[in-house]
Amino acid sequence: MTAIGFKTILPRLLLICILIAVGSKAYPIARAVTRSDSLYTEASRKYKAGRQADAMDDLLGMLNLAADPATKVHPEDRAKACLMLGNIYLGYNDHINAAKYYEQGLRFSSDPEMHLKFAYNLSVSYCLMGNEKKAKEHMNRLKEAKVKDRHLQLYDLAVSEATIEKVFGDQMKSITLFKHSLALVDSFSLAPGKYAIGPLSEVAEYYETTDRLDSARFWLTNYERVAINSHYPHAVADSRRGLMRLFIKTGETDKALKYSSLYMSTMDSMVDFKRFINVSSRREREREYATEAHIENLKFIISWQQAAIYAIIALIIVVFGLWIAVKKFRGNMRHLFARNRELAILEDEIKSGESPIASETAKTSETNWHELMHKINEAISDPANYLDPDFSINTLAAICNSNTRYISQAINETTGDNFRAMLNGHRIREARRRLTSDPKFADLTIQSVGESVGFRSSSNFINAFKKVTGMTPSLYQKMMKEKDLQN
């Protein structure tokens with residue numbers, strides 16, 4: 001087969017493979033998406049009917065389906081499922097799982113209106129969990145949100161701030177804000193069953209706990225009426241429990257017994273905590289098993305479609321690697337040529353007697369080599385010099401009454417190092433001494449330690465320290481602290 005024929009046939013074979021792969025997966029994916037939509041529709045219906053545990057079952061099933069990337073469930077649909085699921089957990093006072101699903105939904109959604117809902121619910125949830133920092137963080141999200149429904153944003157802000165004040169601040173200010181939020185429900189014509197329940201609960205609880213029983217009766221009665229009309233079982237149970245306590249305090253025995261019975265029946269028939277716990281546990285186990293099975297499949301099963309794609313990617317990587325290698329080889333050759341050219345020119349200058357090094361070498365024969373090296377060592381080991389970040393080979397040459405080329409050659413031929421390595425050696429030894437013996441350096445940052453011994457860059461200090469000592473300065477500092485504690 002010619003090269004031209006191979007280039008023509010390969011793309012066609014690849015296209016056929018892709019079409020087969022897409023066709024084989026399209027049908028089950030479509031079925032999974034349809035199943036996901038059906039579960040959400042059923043969950044919404046059950047949620048509105050007050051069947052919270054059944055709705056939760058459908059929602060968790062939907063999210064388990066959506067967890068498989070192949071199903072391609074739209075992120076906004078997943079966000080809506082997380083919002084409803086978080087509301088159910090919040091109704092059952094499971095604040096940790098409520099916040100978990102609100103956070104998930106926030107990541108899935110890109111809709112500002114949905115972000116407003118999640119920020120509000122997260123602010124309240126974190127308040128109930130006692131996390132003031134997170135609660136205020138999400139309240140600030142509410143303030144900064146750019147949404148069309150300004151009325152809802154003002155209401156959410158009022159309730160969020162009221163809840164934060166209740167848990168972490170001033171209770172009287174909290175009640176004022178809750179009443180303000182109820183006024184916003186009326187003035188903005190918001191649905192009472194959806195928006196008045198929370199504030200009514202808080203105001204009623206405040207008057208009941210402060211024994212202002214007439215006011216408590218008024219607010220609890222309104223709370224029960226709105227809860228019944230809105231089909232929120234947890235709110236119905238909560239309002240009836242509050243009325244039961246109220247009538248016990250007022251001595252109205254018949255009414256207390258009546259609301260005790262109503263409260264218990266509501267808890268048994270509507271809230272159904274046992275069903276809630278069973279569904280939650282079962283779905284979590286299913287998710288764990290599904291995750292484990294998915295991981296195992298990824299470990300042991302690679303389809304021929306994936307293998308073909310990996311082979312093409314590997315070929316591209318090999319070609320790219322060869323190109324990089326050739327480019328690097330050419331660069332090295334250019335660099336080696338330049339170095340040899342410089343050496344050739346320098347050798348030529350030395351032979352002709354025109355090189356500064358040649359003339360300096362002549363001077364060397366008339367001076368004491370060891371005396372000059374003594375001057376170099378004396379100058380470079382002076383703390384006033386090596387701790388100075390501006391100390392350079394030019395400065396050293398001036399001190400020794402020589403020039404930089406000869407100083408560099410002398411250091412290299414005598415010590416095998418260059419000027420910079422010799423200077424850094426003195427600085428690192430001083431840094432090590434300070435970290436070892438001076439307590440005030442134990443808690444300084446590595447950058448500060450490096451600057452104190454003449455390094456301008458912390459990265460240069462770290463590299464030089466490691467080259468001299470075999471470990472990083474932070475590790476050395478840490479080990480010194482541990483040794484001090486042991487002593």
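**Confidence and a cavity in a predicted model**

Guide: In this predicted model, pLDDT stays under 50 over residues 333-352, a stretch with seven contacts beyond four places in sequence. Over residues 354-367 the pLDDT is below 50 as well, with 14 contacts beyond near neighbours in sequence.

Visitor: How do you know where in the protein chain confidence is lowest and where it is highest?

Guide: By comparing mean pLDDT, a score from 0 to 100. Helix H16 (residues 356-364) has the lowest mean, 46, and helix H8 (residues 171-187) the highest, 92. For the protein chain, the mean is 78, and 74% of the residues reach 70 or more.

Visitor: Good to know! What makes the space lined by Tyr47 and His234 a cavity?

Guide: A 1.4 Å probe fits there but cannot get out, so the term is cavity. The search of the whole structure finds one of 30 Å³ or more, and the largest cavity has a volume of about 50 Å³.

Visitor: Which residues line the largest cavity?

Guide: They are Tyr47, Gln52, Asn87, Ile88, Gly91, Tyr92, Pro233 and His234. Helix H3 (75-91) and helix H12 (233-250) each give two or more residues to this lining, and H3 has the largest share, with three.

Key
Residues numbered from 1 in each chain as written. Predicted model: local features only at pLDDT ≥ 70, side-chain atom pairs only at ≥ 80, totals over all residues. Heavy atoms only, no water. pLDDT = per-residue confidence, 0-100. Helix = DSSP H or I, 4+ residues; strand = E, 2+ residues; numbered from the N terminus. Contact = heavy atoms within 4.5 Å. 1 Å grid on protein atoms, 1.4 Å probe; cavity = no way out; pocket = protein on both sides within 12 Å on 5 of 7 lines; lining within 4 Å. Points joined across faces, edges and corners; volume = space filled by probe spheres on them.
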